[in-house]
Each structure stands twice: as C-alpha cells, then as structure tokens.
Amino acid sequence: MDQLPIWNVDAEPSPHAMVKAMLKRRIPDYTLEQPFYNSEAIFQMDMEEIFAKEWIFAGMTCELPKKGSFITVDIGKNSVIIVRDNQNALRAFHNTCRHRGSKICLTHRGKMPKLVCPYHQWAYDLDGSLVYAGSDMGDDFDKSGFSLGSVHCRASGGYIFVCLAETPPPIDAFLDDLAYYLEPYDLDNAKVAVQSEIIEKANWKLVVENNRECYHCDGSHPELLNSLLEWDDNNDPRATPEFKALVEKMQAFWTKHDIPFQYQMRYDNRNRVVRTPLKEGTHSMTMDGSVACTKLLGRVTTPDLGALRILHLPNSWNHGMGDHLIAFQILPISPQETKVITRWLVHKDAKEGVDYDPENVRKVWDATNAQDRTLSENNQRGVNSVGYRPGPYSKTYEFGVINFVNWYCERLEANLGD
C-alpha cells in the first residue's frame, strides 16, 4: 500500500475516472485514500452523488406542531423548506423563489400562513402553489406554472427525511421499523428541549467513522461511560458473559413492558435499529445515570429502556431512552468542515425547571461532542499529512466503521454510474 501514489484529484479536469479507479483499487477493511477526506472534487461528488441522491435526516415532526410551521435544512448548496400544510401533511420544497431564485425562508424555523419571498413578495400557499405574483407580470401570466419545486419528503416515528433525487432509493422498510420501535415514545408529541450546533473541522466521513466505533471511548469519554456500555450492539463480538446476561435480563423486562428490542439492519448497512442496556443501575445518559426528565416519553412507564440506537446513513445516529431521546444530524459544509446538530427531546408537556433541567439534559453529550470534535479534527490533521497512508481497521472493534465505509464506497460507485 505504501507504493500507491497520492493522486491529485483536484487537478483533474474530469476527476470521476480517477475516483472510480481509487474505489476499484481500495484495500478492503482499510481506511480510504487521502483525497476522500480532503479533496474539493470528491467533496462535490459526495454532495452530488450521496447527499443529493440518498434520503437525508432533516428534522423532527414535533418541530412543526401547527399548520404553517416550517423548518429549513441546507444540504450543501441546496436549501429545503419543510412545512406543515393546511391538511396537516408535511411537504418539502426547494427554498428557491420561482421569480428570480431568491431564498424564501431566511430563518431555520418559523410559522406563517403563506410562504412569502422577501425580495419581491411573491407568495406561495402551503402546498407550494403560487398565489400572488404582483400586478406587473401581465394578463397572460399563468401562476399555475410557477409552483415551488417539490422535494421528496417522508416521515415516520417522529423523524423527517428528504431526498433531492428525482427517483429516491427505497426507504419503506426502514420507515416501518421506525414506526414500530418508536411507537412507545410518541415523538409526534415530544418537543426539542435543547439543541446545539457545532462545527467540526473534519471531513464528514471522519465524523461518521468516529461515531461508528467505541474503540476510543475508554480513553476519551468518561462522562458518557458513566451510563453507556461500550458494546455496539447485543451481538458485539467483544461482549462479555456479564453483558450477555444483562441483555437477557433486560430483554425479559422489556418484553413485560411491551417495548420492542429486536436487532434490525436494513438496506446494506444503511439503517440499523437495536436496543441495548445501559450500565446496570443507571436509567439515562446523565452525569450520575439518573433520569434527565421525570415526565417520561409517550406511553413509557419505566425509565429503564436502555438505549434505542438508531443509525441512518449518511447523516444521523440516535439514542432513545425512557425519559428523553437524543437525535444527531450531520450536514457537510466543505471538504474539512462538518456541522453537527444535536437535539434533546422530552415529552411536550414536560416543564422546564420542574420536570427537567436543560443543563443536566445536555451535559453528557455536550462533553462528548466536544471530545469527538477534538478527535475528528486531530484525525483530519493527520490525514492531511504527506505521511498518511490508508491503515487497517480492527474487525473486532471497528466493524461499524467497516460497514459505513463499505456502504459509502458502494453507493458512490453505484451513483457515479458507468
């Protein structure tokens, strides 16, 4: 591997052939070649062939509680509006006015009876149809031909996904999984108690890779390991007899409370759902392991639900507990910058200062996110060196990373086509 040249993809007038060649020659179970982590050309391919063609986690249904509520999400250069329409359905549109292309919604969230462009006040109904274009467009101007561009939008279990592709990939089976596993939480009737946004100066793939293993946890995440057991799932090859006994005990407990826990993987490693126990004697991901919110989610009657771990590639991982749920979302900004958004959800009727303390809710993952940012940024700095060469993953400790990298390479190669 040391003999492989580092190709300058950004110097190529048409880099697709070079990227395909690198995908063909990659060594299985090794990290990717340097350009995949710092090339502008490959970053643009990622945005065009992954983020513009796959289903992207965009937000939570509880963020749009009423008709006219909207949120926006930026997928590379593409801003998308998600709105609850007058029939209470969720719709997604390109955040681009059909007049001269101005951005319509300039804030990340809000509520309005119509979507009004601030440039020339063209107004769109919540179904995207143009209802007002001023009086200067001429008598022959047909408003019906200038509706907002629609974006595929699906929701299940409280999660919203959008896809910019003309023909999206399959997602129905995963949505069915979310509806089943998240039914006890009733996330439609939750609220975002706390939200944070940080910028990690690292390629989005390094951010995901760091998340997909806990090989680093013991040396980096003391706050998290107060409650989290390091095993990635109940079938982790490193699992001890004690962990397996705890899994059996908790699965019997969850069965008694009608809480689903079976392991589920969908669409070639793209999606995964599994419920794993927390450290015995702890109830939630807080500094001392006690509940973060005394009002439990949905129909939940016990806080001891372990952690429902949900993976959705390319841009989300999640931990759902009896008292609150944490939803993580990543949005690439540049070859070496990634926005990480964390939402902490509680029951919609939970009262701040009574049922929960926002600082207590967020403290563990604020610390963990800061630690992960340092790890990913140091990883990026090392990868940028002329001394970097792809290195081997541990098949025991880093199988989740191997699954992610395999999925990424397969999807990029498939989407690039011949």
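Trainee: What makes β11-β17-β16-β15-β14-β13-β12 an open sheet of seven strands?

Mentor: In this predicted model, those strands follow that order with antiparallel pairing. Strands are DSSP runs of E, at least two residues long, numbered from the N terminus, and two of them pair if DSSP finds at least two bridges between them. β11 (190-200) and β12 (264-266) stand at the edges with a single partner strand each, so one side of each has no neighbour in the sheet.

Trainee: Why are β16 and β17 called paired?

Mentor: Nine bridges join β16 (residues 325-334) to β17 (residues 337-347), and the definition asks for at least two, so they pair. Leu331 stands opposite Lys339 in β17.

Trainee: Which residues does each domain cover?

Mentor: Domain 1 is 55-163 and domain 2 is 183-407; such bounds come from an automatic or database domain assignment. In contact (heavy atoms within 4.5 Å) are 16 residues of domain 1 and 20 residues of domain 2.

Trainee: Why is the link between Glu63 and Arg343 called a salt bridge?

Mentor: Their closest N and O atoms are 3.0 Å apart. The definition wants a side-chain nitrogen of Lys or Arg within 4 Å of a carboxyl oxygen of Asp or Glu, so this pair qualifies. The count between the two domains is one salt bridge.

Trainee: What should I keep in mind about numbering and confidence?

Mentor: Residues are numbered from 1 along each chain as its sequence is written, and side-chain values use heavy atoms, leaving out hydrogens and water. Local features need pLDDT of at least 70, side-chain atom pairs count only at pLDDT 80 or more, and totals for chains, interfaces and linings use all residues.

Terms used. Helix = DSSP H or I, 4+ residues; strand = E, 2+ residues; numbered from the N terminus.
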